[in-house]
Amino acid sequence: MFEGNNPVGFVMIGYDKDDYWKDAPAIADGNYNLWRLMIDKKYQNRGYGKQAVELALRFIRTFPCGKADFCWLSYEPKNAVAKSLYASFGFIETGEKDGEEQIAVLKL
């Protein structure tokens, strides 16, 4: 994402899981995920995160890597801003964890 010519952040999208990921959550099988969402601190609280998630989900729903039922993500349990942002798009916590991070899923 850019503000003018200045990059403000990025999003990484994943699909399925690699063979070497031995402890992957079950939801990773055959589904998309928002792997990373990073917005530079000086550009936060300007709506870029929401715009990035919206654009990422729009792209995911074109199923570029194949059909899937869900998009999932994970975040630090204490990150109330992330939880609120993702919940605003319909992501629901599953109670499962990816390492120490809370998993939330969205039906596509």
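Let's start with Glu54. At 39% relative accessibility, Glu54 counts as partly exposed. That is because exposed would need over 50%, and buried would need under 20%. Keep in mind that this is a predicted model.

What does Glu54 form a salt bridge with? The partner is Arg58, and the closest N and O atoms are 3.4 Å apart. Both residues lie in helix H1. They are four residues apart, which is about one turn of the helix. Arg58 has a relative accessible area of 52%, so Arg58 is exposed.

Now the next bridge. Lys107 forms a salt bridge with Asp69. Here the closest N and O atoms are 3.9 Å apart. Lys107 lies in strand S7, residues 101-107, and Asp69 lies in the loop between H1 and S5, so the pair ties together parts that are 38 residues apart in sequence. Lys107 is exposed, because its relative accessibility is 52%. Asp69 comes out at 44%, so Asp69 is partly exposed.

Stay with Lys107 for a moment. Over the face of which residue does Lys107 lie? That residue is Phe70, and the distance from the ring centre is 5.2 Å.

One more bridge. The side chains of Lys83 and Glu93 meet at 3.7 Å, N to O. Lys83 lies in helix H2, residues 80-88, and Glu93 lies in strand S6, residues 92-98. The pair therefore ties together parts that are ten residues apart in sequence. Lys83 has a relative accessible area of 40%, so Lys83 is partly exposed. Glu93 is partly exposed as well, at 35% relative accessibility. How many salt bridges are there in the whole structure? A search finds five.

Let's step back to the whole chain. The protein has two helices and seven strands. From the N terminus on, the elements run β-β-β-β-α-β-α-β-β.

Next, overall dimensions. The C-alpha atoms fill a box of roughly 40 × 30 × 25 Å, taken along the principal axes. The radius of gyration is 14 Å. Why does that agree with a compact globule? Because a compact globule with 108 residues would have a radius of gyration near 13 Å. And of the 108 residues, 33% count as buried.

On to the aromatic rings. The structure holds five aromatic pairs. One of them is Tyr32 with Phe63: the ring centres are 6.3 Å apart and the planes are at 55°, so the pair is tilted. This pair links distant parts of the chain. Tyr32 is in strand S4, while Phe63 is in the loop between helix H1, residues 48-60, and strand S5, residues 70-75. The two are 31 residues apart. Is Tyr32 buried or exposed? Tyr32 has 1% relative accessibility, so Tyr32 counts as buried.

Compare the geometry of another pair. Tyr43 and Tyr48 form an aromatic pair that is edge-to-face. The distance is 6.3 Å centre to centre, with 80° between the planes. Both Tyr43 and Tyr48 are buried. Back at Tyr32, ring pairs link Tyr15, Tyr32 and Phe63 into a cluster.

Now to the surface. Which residues form a nonpolar patch there? They are Phe10, Met12, Trp35 and Met38. Together they have about 380 Å² of accessible area. Strand S3, residues 9-15, and strand S4, residues 32-39, each supply at least two residues of the patch. Met38 lies in strand S4. Its relative accessible area is 44%, so Met38 is partly exposed.

Last stop: Lys42. Where is Lys42 found? Look in the loop between S4 and H1. Lys42 has a relative accessible area of 59%, so Lys42 is exposed. Take Tyr75 as a reference point. Lys42 and Tyr75 are 33 residues apart in sequence. In space they are 21 Å apart, C-alpha to C-alpha.

To recap: five salt bridges, five aromatic pairs, and a nonpolar patch on the surface.

Key: Residues are numbered from 1 along each chain as its sequence is written. This is a predicted model: local features need pLDDT of at least 70, side-chain atom pairs count only at pLDDT 80 or more; totals for chains, interfaces and linings use all residues. Side-chain values use heavy atoms; hydrogens and water are left out. Patches are made of residues with over 30% relative accessible area and no salt bridge: like charges are joined within 9 Å, nonpolar side chains (Val, Leu, Ile, Met, Phe, Trp, Tyr) within 5 Å. Accessible areas come from the Shrake-Rupley method with a 1.4 Å probe; for residues, only the protein chains shown count as cover. A salt bridge is a side-chain nitrogen of Lys or Arg within 4 Å of a carboxyl oxygen of Asp or Glu. Buried means under 20% relative accessible area, exposed over 50%, partly exposed in between (1.4 Å probe, protein chains only). Rings of Phe, Tyr and Trp (its six-membered ring) pair if their centres lie within 6.5 Å; planes under 30 degrees apart count as stacked, over 60 as edge-to-face and the rest as tilted. A charge sits over a ring if NZ of Lys or CZ of Arg is within 6 Å of the ring centre and within 35 degrees of the ring normal. The radius of gyration is taken over C-alpha atoms; the globule rule is 2.2 Å times the number of residues to the power 0.38.
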